[in-house]
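Colleague: Please take a close look at one strand of this model. Walk me through how the chain packs and pairs there.

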Amino acid sequence: MRKYVILLGIGGVGKTTLVYRLAGIVNPPAPTKRPGIYRVFAKGEWYYILDVPGQYVNDIVDTVSRIIHIFFDRALLVYDLTRADTLYALYEIAEKLCLYHKCLSAAEIWVVGNKRDLAARLGVEHKPDLSKLNAQRYVKISAIYDPLERLMELLP
Ligand SMILES: Nc1nc2c(ncn2[C@@H]2O[C@H](COP(=O)(O)OP(=O)(O)OP(=O)(O)O)[C@@H](O)[C@H]2O)c(=O)[nH]1
Ligand SMILES: [Mg+2]
């Protein structure tokens, strides 16, 4: 069976680093300019993971609002644990998508706080309000340093 996952979050939070890890791509990513769809075989399933480009809230909202309607098995809303602005951007993306009548439609919505290693080093961690995002779960990761098995848990 195919499963569909969407990665959302503003520029620099680590979406492509995460999908590269999951897809086994070893070179470090450049800033994402176009939507990337990655096909990953894991846990006996084929996953189609959509990496949405855009540095700022409005670019991302614009791109997602143009994507043909796909029902995602899981949306991963990614922010940088050390940067509050990246978390507020998620609230704004969710709100604006609804204004376009494109409220996130996903069986599950998870909030992913990335750069756990950096957060530990700096002693800074911004915590999400899951109710603002209709999210069921909050997970902290390091897309660079966590073992692959841990990152695989993000897949439905
Ligand atoms: N310390 C640390 N840095 C990370 C981690 N994950 C990603 N980064 C760094 O964050 C930067 C941005 O990562 P990307 O994966 O390109 O981020 P993105 O969300 O895809 O950003 P755009 O493509 O620009 O929209 C890179 O320099 C990564 O090396 C992490 O877990 N820890
Ligand atoms: Mg990227």
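Modeller: Start with strand β5, residues 106-114: it is largely enclosed by the rest of the structure, because seven of its nine residues are buried. Buried means that 20 or more other C-beta atoms, placed from the backbone, lie within 10 Å of the residue's own; exposed means 12 or fewer, and partly exposed is in between. Strands are DSSP runs of E, at least two residues; helices are runs of H or I, at least four; both are numbered from the N terminus.

A caveat on the source: this is a predicted model, where local features need pLDDT of at least 70, side-chain atom pairs count only at pLDDT 80 or more, and totals for chains, interfaces and linings use all residues. Residues are numbered from 1 along each chain as its sequence is written, while chains are lettered from A and ligands numbered from 1 in the order in which they are written.

Now the pairing. Two strands pair if DSSP finds at least two bridges between them. Strand β4 (residues 72-80) runs parallel to β5, joined by eight bridges. D80 has N114 of β5 as its bridge partner. Strand β6 (residues 137-140) also pairs with β5 in the parallel sense, over four bridges. There, W110 stands opposite R137 of β6.

β4, α3 and β5 form a right-handed β-α-β unit: with the strands pointing away from the viewer, the path from the first strand over the helix to the second runs clockwise. Helix α3 spans residues 84-99 and contains L87. L87 counts as buried because it has 24 C-beta neighbours inside 10 Å.
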